[in-house]
Amino acid sequence: MSVPHRSAGDLPVTGDTIAIRCLLNGVETELEVDPGERLLDTLRYGLGLTGTKEGCAEGECGACTVLLDGLPVNSCLVLTFQVADRRVETVESLDEALLAPFLAGGATQCGACTPGVVMTATWLLANRDLLSSHRIRELMAGNLCRCTGYDGIVQSIERALGADERGDTE
Amino acid sequence: MAKLTGRELYVDDLPSADHLWGATVRSPSPRGRITAVEFDPSIDWSEFVIVTADDIPGRNAVFLMEYDQPALADGYVRHVHEPVVLLAHPSRDIVRRAAALVTVRVELEAPVLDFCAVPEAGGIQHGTDNVLKHILIEKGDIEAALAAAPIVVEGEYFTGSQEHVYLETQGMRAHVDGDVLVIQGSMQCPYYVVKALVPLLDRDEAGIRVIQTATGGGFGGKEEYPSMIAAHAALLSLKSGRPVKLIYDRWEDLAVTTKRHPSRVRHRTGVDSDGRLLAQDIEIVLDGGAYVTLSPVVLSRAVIHAGGPYACDAVRIDGRAMLTNSAPFGAFRGFGAPQAFFGLERHMDVVAARLAMDPAAFRRVNLIRDGQQTGTSQTISDGADRLEVLDTALAACRWGTRREQIRRHNESHPLAKRGLGLAVFHHGAGFTGNGEVMLQSVVHVAATPRGGVEVRAASVEMGQGTTTIFTQLAAERLGLDPDTVEVAQPDTHRVPDSGPSVASRTAMVVGYLVEQACDDLRRRLGLTDAARGDAVAEAIRTWYAAPGQEELVGEATYLQPSHVEWDEETYRGDAYGAFAWAAYVAEVEVDLKTYSTRVTDFVAVQEIGRVLNQTLATGQIQGGVAQGIGWALLEDFSWRDGAMQNCQLTNYIIPTSDDLPPIRVEFLETPYSHGAQGAKGIGELPMDGPGPAIANAVAHALGVPAVAIPLTPERLMAEHDGLAAREAS
Amino acid sequence: MNVLRPGSVREALGMLADEPTAIPLAGGTDLLVHWPANHAGRDATYLDLGRPGELRAHHWTDKALVLGGTTTYWDVIRDPRSARDLPLLVDAARQVGSVQIQARGTWAGNIANGSPAADGVPVLMAYDAVVVVQSERGVEEILLSEFYLGYKDMRLAGDQLIREIRVPLAARTGQRFEKVGSRRAQAIAKVGLATSHSEDGWRVVAASLAPTVRRCPSVEALFDSDGAAGSVEDVEAALAADVSPIDDIRSTAEYRLRVAARLLFFGNA
Ligand SMILES: Cc1cc2nc3c(=O)[nH]c(=O)nc-3n(C[C@H](O)[C@H](O)[C@H](O)COP(=O)(O)OP(=O)(O)OC[C@H]3O[C@@H](n4cnc5c(N)ncnc54)[C@H](O)[C@@H]3O)c2cc1C
Ligand code: FES
Ligand code: FES
């Protein structure tokens with residue numbers, strides 16, 4: 001067993017590193033990572049983007065949700081090298097104004113699920129045609145929340161959809 | 001907003017350069033003597049910080065109620081996963097791999113795993129009978145009342161354990177700053193951590209500073225266990241001289257932290273043919289796990305609530321918490337009351353059925369009216385209209401009409417059965433009996449130079465809205481703009497001990513102290529109680545205008561309301577200063593192809609004194625109901641040797657958004673004079689009702705016993721087939 | 001860990017020929033679960049399938065839907081033609097995990113993972129799907145219903161990739177997918193069933209009832225026989241001859257068999 005190659009110390013230790021480029025939160029970013037490093041860990045420990053959380057490391061809770069080429073994915077199940085030449089958006093990229101309905105609607109309590117919830121919700125709001133085939137509760141089922149009972153989340157999304165329809169952002 | 005944008009910092013979000021990662025090596029066995037701890041020779045262990053029980057400077061116990069639970073096992077283990085050795089290393093990956101390469105060998109002794117069975121002689125590990133705590137409540141002559149009752153109905157009910165599954169797993173960071181050990185982490189009770197570390201580390205309070213970081217949910221799960229993790233992080237940090245992060249992953253969190261006490265509740269109930277309760281003979285047994293921890297207090301709340309919100313002259317409630325070789329069970333939202341209410345409220349339906357009475361009508365006859373007494377002989381006279389609570393819930397679900405519609409539906413649908421179930425209950429807010437007096441909670445409200453105030457309390461925000469509520473209470477009390485009110489981060493070197501953030505006490509008890517500390521500040525400013533707004537802000541600015549002026553702090557200390565009298569010996573008297581009252585109705589549909597149950601409607605009506613913030617209060621109720629629905633239907637355990645086997649979110653099943661119906665919440669308000677703005681606590685209340693309401697609904701749908709939860713499809717299939725077999729024979 | 005990153009299928013097959021123990025990595029939703037704790041998994045060598053663009057796309061011919069070696073569930077859900085022509089694929093895909101999983105998880109990964117509880121496999125099998133596997137040695141076509149040999153054991157050698165999956169279009173007079181999980185979303189199947197009926201007769205496929213997803217010949221014969229099943233007990237007896245359910249952390253053998261029989265009987269009654 002050897003000593004790790006980085007001071008952050010959270011990272012896997014075997015293999016050679018891989019250099020990649022990706023569009024991270026709108027910024028062209030170059031990264032050099034261990035092949036076994038998860039996107040979640042690169043974001044959190046490598047880049048200090050700690051908004052993305054780990055709740056389970058098994059794809060169940062959605063606290064680690066980011067958008068990959070515009071689709072919500074669990075960053076605990078993506079290796080960083082897999083996002084080479086692709087587009088990644090994390091909670092840090094979101095516009096505060098867009099989030100106002102979530103605050104008012106009781107979508108967050110402890111906040112641990114929240115970054116993931118708002119990422120999936122943002123995607124849903126940007127792809128409202130999904131609602132012709134899917135229900136909000138089905139689309140949000142990959143984001144576990146233990147605090148709200150989901151009503152606050154679902155209603156906030158409904159509210160945001162409605163606000164959009166009326167053309168206001170309140 | 002910081003939570004929505006991801007800027008809020010939880011413990012694992014704290015900058016991580018230059019620190020070590022901790023890991024815990026645990027017992028593989030439920031009980032026995034440790035014969036060896038073997039370190040795999042293929043590894044250079046000099047790279048690691050290694051801590052064992054020998055490194056503990058003080059007394060090897062994580063103190064809360066008793067000194068019985070070691071921080072690190074010293075030669076003997078009492079449950080699987082008991083911590084034995086701690087490791088730290090700069091690489092999280094390496095320390096995880098290394099932990100798997102330390103082997104703890106245990107000479108196995110027969111574990112006690114059944115909390116309902118009388119332990120064999122060789123199994124005794126606490127006192128003479130493994131009883132961690134016994135409580136007896138008696139009112140009237142129970143045997144005589146039972147003998148005289150025209151109808152006596154017996155029942156036996158079981159509840160399973162439950163994991164909190166706060167979305168942020170537990171974790172602590174420790175570092176040494178000069179002479180002070182600093183602990184930062186996810187927790188509900190910063191001063192509990194201090195109290196546990198003082199004897200363990202043989203340091204005084206000045207040498208230990210505990211700071212709560214943003215806490216991603218608690219529900220009771222971060223009440224006692226954080227002291228254990230803090231102790232471990234502290235020991236590693238003190239030995240290495242480096243900052244140490246000890247963050248549990250989900251597997252470890254599920255496997256080792258406390259859970260809800262499993263229970264068995266038995267009822268023998270005497271009634272007359274009008275449905276009047278004549279006798280309630282109740283026995284409660286809780287699985288306490290391997291150490292005392294908080295089991296006595298959980299049991300206390302269970303027995304006090306066991307008789308329910310009903311008037312009955314002859315009551316006996318006998319409660320025991322039993323030692324087993326499971327990881328200790330601990331605090332969880334509801335704190336014993338959900339177990340008691342599952343037994344009681346399921347049983348109330350069973351009794352109603354025997355009487356051929358409508359379940360709601362049966363409860364109506366017995367609901368406590370002002371002037372009547374609870375099981376502990378506490379006279380209720382709070383002016384709250386309990387009948388109105390019941391009637392509001394019945395109206396919201398159109399009880400009578402709906403039961404009739406359901407009857408007709410079920411006649412024509414052999415494979416999809418519906419049911420409507422009710423639970424009526426109450427929940428005492430704050431610590432039991434004289435508990436609040438013992439706590440002697442203190443709150444400070446400090447004036448800030450720009451003309452505002454800072455509220456200083458150790459009560460934590462963990463999603464339930466403490467910060468919002470304290471801000472609102474102080475702002476409204478002093479007439480200040482909420483933007484000028486700050487709430488201090490709980491930091492034991494900055495805030496006074498306002499007690500733990502548990503027992504639904506924060507808004508009611510601590511909030512009330514916030515108001516009084518505001519009043520005290522106003523007095524110190526030389527203002528009358530009528531002074532508000534600009535007058536207060538101006539007086540504050542004037543105070544600080546004087547050169548070298550000291551910080552001005554208003555203070556309030558808890559005083560027991562004069563109406564509360566409690567006898568800890570006989571368990572008689574005013575168990576709580578105030579109760580919240582509630583009636584919940586669940587409608588379910590059971591698919592008889594798959595035996596799975598879906599909650600299709602849920603109504604939650606409660607009287608809570610005063611609603612301080614509609615969004616927060618509604619969210620508390622909905623979240624609690626969701627947890628209750630999970631407990632009732634989904635959250636099942638696979639145990640081996642007293643340890644949880646299904647330690648993943650893929651097989652410990654909590655509800656998703658798609659599993660729950662919208663939860664309809666209504667509040668009734670009758671202000672309580674000793675609560676902040678008239679509020680009573682609500683944090684735990686919503687956990688009490690869903691279990692029995694859902695079981696009653698399932699029983700209504702299928703006619704099955706539904707005496708044990710979770711009502712998993714596998715269990716329902718067995719009950720349903722059993723019923724069919726009985727009907728056939 | 002080590003990773004090989006081919007830019008094309010050709011290159012991928014070459015690398016696999018040289019290093020047949022390398023593990024193909026597609027969406028990672030099976031391979032990367034509990035990654036930090038999976039010490040052995042992290043010491044292995046992987047072959048990343050993310051770059052070869054020709055693997056990802058699916059297309060329709062007049063006889064079949066052809067799924068690529070890395071086509072995801074979401075790709076199929078979002079193609080309006082799927083729901084019309086092969087609705088069970090959409091039914092099953094929408095019940096795989098959550099949107100986050102559907103966006104990454106692939107049909108080929110579902111097949112190659114070999115879980116008896118898979119959701120993609122039973123619907124493909126009920127549609128008589130053919131697995132096209134390729135290596136430098138050549139191309140092989142295997143009926144999915146003949147692909148599995150035992151628990152996690154299948155006709156896929158170390159140097160072979162699932163190149164595509166061909167799902168024939170046919171006039172189907174009945175088709176259903178039923179999944180019983182421990183909750184409505186985000187659940188692994190305790191019982192999974194896919195049935196379809198065409199002029200070739202019944203296809204009855206069971207998941208979570210045997211070491212592999214498998215067709216149930218006795219039940220198919222029962223359904224094909226004119227009178228069909230007379231009672232749920234008949235179906236249960238036939239099914240019992242086809243499968244061998246077990247007790248595990250998610251459910252019991254008794255529940256699985258009984259509920260599968262009830263779903264088959266009442267679903268097709
Ligand atoms: C939270 C969660 C929920 C899930 N829910 C479900 C569910 O409801 N139903 C369900 O069926 N599954 C479920 N899964 C499992 C998983 O998502 C599926 O099996 C998925 O189809 C796997 O695809 P993948 O591309 O992610 O596979 P990977 O993890 O990349 O690979 C899986 C296996 O397939 C092999 N492989 C992949 N592609 C090829 C190829 N082209 N040729 C040869 N071998 C290949 C890999 O080597 C590996 O052995 C869930 C997983 C998670 C984490
Ligand atoms: S941490 Fe990725 S889904 Fe839970
Ligand atoms: S707000 Fe706490 S888990 Fe969702």
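Trainee: How many residues does the contact take from chain C, and how many from chain B?

Mentor: Contact means heavy atoms within 4.5 Å, and here it takes 24 residues from chain C and 26 residues from chain B. Keep in mind that this is a predicted model, in which local features need pLDDT of at least 70 and side-chain atom pairs count only at pLDDT 80 or more, while totals for chains, interfaces and linings use all residues. Residues are numbered from 1 along each chain as its sequence is written, chains are lettered from A and ligands numbered from 1 in the order in which they are written, and side-chain values use heavy atoms, with hydrogens and water left out.

Trainee: What area do chain C and chain B bury between them?

Mentor: Buried area is the accessible area (1.4 Å probe) that two parts lose on being put together, summed over both; for chain C and chain B the value is about 2300 Å², with 55% of it on carbon and sulfur atoms. On the side of chain C, the residues that lose the most area to chain B are C:Arg183, C:Arg184 and C:Ile249, which together make up 28% of what that side buries.

Trainee: How many salt bridges does the rule find across the interface of chain C and chain B?

Mentor: A salt bridge is a side-chain nitrogen of Lys or Arg within 4 Å of a carboxyl oxygen of Asp or Glu, and the rule finds 5 salt bridges across this interface. One of the pairs that meet in this way is B:Glu714 with C:Lys190, at 3.0 Å from N to O.

Trainee: Which elements give two or more residues to the side of chain C that touches chain B?

Mentor: Helices (H or I, at least four residues) and strands (E, at least two) are DSSP runs, numbered from the N terminus. In chain C the elements in question are α2 (39-42) and α11 (253-268), and α11(C) provides the largest share, with 7 residues.

Trainee: How many residues does the contact take from chain B and from chain A?

Mentor: That contact takes 60 residues from chain B and 54 residues from chain A, and the area buried between the two chains is about 4400 Å², of which carbon and sulfur atoms give 55%. In chain B, the residues that lose the most area to chain A are B:Leu4, B:Leu167 and B:Ser657, together 18% of what that side buries.

Trainee: What is the count of salt bridges between chain B and chain A?

Mentor: The count is 6 salt bridges; B:Asp13 forms a salt bridge with A:Lys53, where the closest N and O atoms are 2.5 Å apart.
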